Amino acid sequence: MSSYTYTLSPFSQVCRLLMNNYFGEIVGQVGENLLRRGNRSLFDIKTGTGMSLWDVKRALAVLIHHNIVTFQASDRNPNIAEYSLIPHNAYCILRYPKYLYTIKRIYGSSEEVLIEILLNIGQASASDVIFQSANRLNEAIDDVKVLNPSALYQSFQKLAADNFIIRCSKIEKNAFVENVPKLLELKEEEKFIVPQLEMEPIAKLLREKATQLGEHSDSEVIWRVNHQRFDVELRNVILVNAAARRVDAAAGELYHLILKLWREACPVEARTSNGVSHSLIKDAVRKNDGGSPLLMEHFDQYLRVLYEDSTCLISRTGDSGGGQFAVNYADVFENLACAILDSVVLERFGSKALRIFRLTRMQKFIDQDQMQNLAMIPAKDAKMFSYKLMEENYLQIKELKKGTSNVGPVKSFNLFYVDLPQVVRTVLEMSYKSLFNAIARQTHDLTANKLLLEKHAWMENMLERLRGEDTPDDLLADLSESTMTAADKSLVAKIHKLSDNLTLGQSQADETILILESYLKFHFMA
Amino acid sequence: MAGLAAVNIKKEKIDEPRPSVSTVNDDGRSEAEIEARMLELLHQFPKGISNQILDTDMPTVDKQIKVTILNKLMSKEKVSMFKAAGTQELFWCLKSHPTSRIKGADNEERVVLGLIEEAGNKGIWTKDIRIKSSLSQATLNKVLKALEGKKVIKSVSSVSAAKKKVYMLFNLQPDRSITGGSWYSDNEFESELVDLLNHQCYRMLLQKAEVAKQKQNDGPFTVRNSSFLSSKEICQVISDLKIVKFNLTVEDIETILDTLVFEGKVEKSTTSDGNCDGQVKTYRTVEKPVSSASIVRMPCGVCPVMKKCGNVGAIQPKDCNYYGEWDD
């Protein structure tokens with residue numbers, strides 16, 4: 001690894017580590033170079049990384065294939081392509097397990113396999129994905145029966161209809177006349193239309209146990225995973241959980257249904273959703289089979305409790321059609337981001353500091369005396385906490401001068417306030433750093449103890465096999481003792497435990513990051 | 001005196017010729033009788049009486065006589081005259097502690113006492129007395145000591161500045177801004193008491209919310225509404241618990257409940273109660289919309305040396321002790 005890594009921001013470091021772990025050292029190095037330098041030509045990257053041209057080309061191909069790198073003709077010389085990284089897409093590698101889980105939750109395991117294959121390849125035609133998924137599923141079930149791919153084709157269409165997968169941009173027709181091909185953005189309505197496919201040839205290939213698909217009709221229509229749609233879905237999970245926490249599970253269910261309606265009414269991402277009428281929501285609840293009976297019975301109450309809630313999960317925008325309901329994502333995510341900041345302040349500085357932090361936020365501007373009186377904290381402690389919070393950038397100070405005379409002392413007030421976007425950015429940066437640390441620690445632990453872990457896995461495998469052969473227990477114990485010492489075993493257990501914790505920690509840090517990022521995104525959205 | 005805060009304090013004698021003392025009125029009452037009636041009225045309206053009140057009470061009495069009697073009362077320092085801030089109307093008000101009551105007071109003492117009396121229960125600082133009375137420091141100290149010895153005035157030290165002593169009349173209850181309200185004893189903030197009440201209130205609200213949750217079958221509205229407790233109810237229960245020695249007011253408990261609001265554990269809402277006397281503040285516990293920020297569950301979230309951590313240097317994630325001790 002290069003010696004100047006510390007110059008990268010925590011976010012870029014996370015991207016670098018993710019690429020490194022997912023694609024390997026070579027791709028990781030090219031990715032890092034692009035992260036650091038921005039737009040680069042092929043030869044710049046070669047000189048920057050000191051790798052062979054062939055390696056760089058291969059690495060770029062992989063990254064382009066996974067939609068992490070794009071290219072375009074250079075402004076200075078249209079014959080040279082410049083490559084640039086899309087950091088968010090690199091970051092999304094972290095969310096792949098969540099993507100799979102989400103799809104499994106919504107649809108089922110065959111859709112999960114489709115997405116998994118697509119994520120593995122990066123981009124592929126529908127036939128290709130279906131063929132490979134069918135192969136994978138056939139491996140899992142017994143060999144005699146062969147899976148019918150038309151069910152997978154339907155699943156694929158479902159995924160496209162719900163926008164979880166999206167068509168890649170086409171290469172322009174005259175691309176090969178020019179030196180740098182141009183990518184042609186598809187029209188909005190074309191992006192999610194799956195071409196008509198014949199499943200019979202694929203089924204035939206599957207029966208013949210072929211491993212390659214070969215020529216197929218839709219090889220020009222390439223698909224990839226739609227990160228934006230997954231972001232929305234993951235965000236919605238957070239919102240539904242929020243509704244469930246604030247009221248109860250049935251409210252979460254209702255909110256889930258309403259979110260769906262909002263998405264149908266306004267598929268484009270906006271600060272506020274379009275209004276949805278009361279009757280429409282009621283219809284959706286009625287059609288929702290297997291929902292909570294409580295929800296149906298007290299539908300109006302649930303709706304009212306939700307829109308009267310202070311987290312602004314639902315806001316009433318009009319009275320037509322029994323009431324129009326919308327959501328202002330900027331407000332909701334402001335509340336969620338505040339809740340995140342609150343818990344950070346609480347854990348880092350304690351409940352009294354939290355009191356001061358929230359009081360200041362509620363009052364907009366507040367002076368020291370008022371603060372200690374309202375928060376009921378002794379003057380000395382109040383000062384200590386507020387200065388501490390200020391030192392760590394959670395509070396800011398605004399000085400108000402009374403009078404403008406040049407002579408004599410000027411009376412001034414120092415008012416505390418919270419600059420929310422700034423505090424959110426601070427905590428976001430902290431979250432990226434925590435995430436980076438967790439990944440770095442995990443990678444380090446697993447590579448430093450690689451031999452030991454491999455030995456342990458080998459031993460476990462062997463013991464498992466022997467156990468199947470009804471070997472007596474004392475012999476097994478002897479064997480296990482002779483291959484590994486107790487100290488080694490406890491070390492392995494410790495590493496595994498920490499590694500599990502770290503994996504969990506990464507996914508949790510990602511959730512915090514998603515909330516904070518969403519807040520910033522909607523807050524500054526026009 | 002607090003009711004007169006908005007009033008221009010300005011004493012002025014009305015220059016009217018004094019009619020002879022022995023005048024008897026049309027309705028046959030003597031001046032002494034009218035004076036007694038006036039004092040009665042003054043007692044009845046502690047905020048002061050205006051000319052209008054006098055006119056309706058004794059329409060037959062001549063204006064001249066009323067003026068005379070009022071002037072007499074003022075010269076006896078039993079009554080003071082004020083001008084209402086907006087209407088410029090004159091009104092009279094009983095002097096609560098006529099300084100003349102103190103026997104054997106000399107002029108200096110009287111001036112100082114006047115200043116202290118004017119300051120009311122907010123008290124007045126020695127330096128301000130000195131400037132206003134233009135007495136020398138030595139004399140003033142002597143006077144103050146003498147007055148304190150007579151138990152006419154007392155010195156109170158303020159919570160905002162421990163060394164700043166203020167003087168006020170002996171029988172006055174110091175203002176909240178001086179004593180800091182119920183939560184101070186001997187100028188010390190009772191932070192343990194506040195914390196205790198804070199926990200107690202929270203526990204009460206939690207219990208109420210637990211009970212409310214059992215009514216889930218009646219719909220979320222019922223659950224929400226029955227998880228509310230009004231500040232009055234909480235005040236009643238806490239008073240009955242006898243945790244505090246003094247008389248706990250609803251305002252006191254509301255300040256405690258507000259601290260819970262600032263901690264984000266509780267939400268405040270106002271409803272009107274049945275007795276049409278306005279709004280009642282009610283409180284209920286709320287869940288945070290997100291479970292505690294996930295990053296604080298990692299060692300990094302609460303790491304004290306986060307800023308010094310990096311890929312190089314003494315603190316690195318790969319051999320961080322906090323990770324080593326992390327057991328969830």
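Start with B:Leu90: setting aside neighbours within four places in sequence, B:Leu90 is in contact with B:Asn51, B:Met81 and B:Lys83. You'll find B:Leu90 in strand E3 of chain B, which covers residues 90–94. Keep in mind that this is a predicted model.

Now look across the chain to B:Asn198. B:Leu90 and B:Asn198 are 108 residues apart in sequence, and their C-alpha atoms are 48 Å apart in space.

Zooming out, chain B holds 12 helices and 11 strands. Of its 328 residues, 25% are buried. There's also something to say about how the chain folds back on itself: take the contacts in chain B between residues at least 6 apart in sequence, and 50% of them join residues at least 24 apart.

**Where the two chains touch**

**Over to chain A**

How confident is the predictor here? Chain A has an average pLDDT of 86, and 95% of the residues score at least 70. Residues 1–6 of chain A are another story, with pLDDT below 50; this stretch has 5 contacts in the model beyond near neighbours in sequence.

Chain A is split into five domains, listed here:

| Domain of chain A | Residues |
|---|---|
| domain 1 | 5–90 |
| domain 2 | 107–225 |
| domain 3 | 229–327 |
| domain 4 | 332–418 |
| domain 5 | 424–523 |

Taken over C-alpha atoms, the centres of domain 3 and domain 4 of chain A are separated by 35 Å.

An unreviewed UniProt entry lists residues 13–72 of chain A as "domain: RNA polymerase III subunit RPC82-related helix-turn-helix". In the model, that span is 75% helix and 10% strand, and its end C-alpha atoms lie 25 Å apart.

Chain A has an open sheet of 3 strands in the order E12-E14-E13, with antiparallel pairing. Which strands stand at the edges? They are E12 (366–367) and E13 of chain A; each has a single partner strand, so one side of each is left without a neighbour in the sheet.

The pairing goes strand by strand. E12(A) and E14(A) pair in the antiparallel sense over 2 bridges, and A:Asp367 stands opposite A:Leu415 in E14(A). Meanwhile, 7 bridges join E13(A) to strand E14 (residues 411–417) of chain A, again antiparallel. For A:Lys402, the bridge partner in E14(A) is A:Lys411.

Why does strand E13 of chain A lie largely in the open? This strand spans residues 396–402, and of its 7 residues the number buried is 0, so E13(A) lies largely in the open.

Key. Residues are numbered from 1 along each chain as its sequence is written. Chains are lettered from A and ligands numbered from 1 in the order in which they are written. This is a predicted model: local features need pLDDT of at least 70, side-chain atom pairs count only at pLDDT 80 or more; totals for chains, interfaces and linings use all residues. Helices (H or I, at least four residues) and strands (E, at least two) are DSSP runs, numbered from the N terminus. A residue is buried if 20 or more other C-beta atoms lie within 10 Å of its own, exposed if 12 or fewer, and partly exposed in between; C-beta atoms are placed from the backbone. Two residues are in contact if their C-beta atoms, placed from the backbone, lie within 7 Å. Two strands pair if DSSP finds at least two bridges between them. pLDDT is the predictor's confidence in each residue, from 0 to 100. UniProt positions are given in the numbering used here, feature names are shortened, and annotations may be inferred rather than shown by experiment. Domain bounds come from an automatic or database domain assignment.
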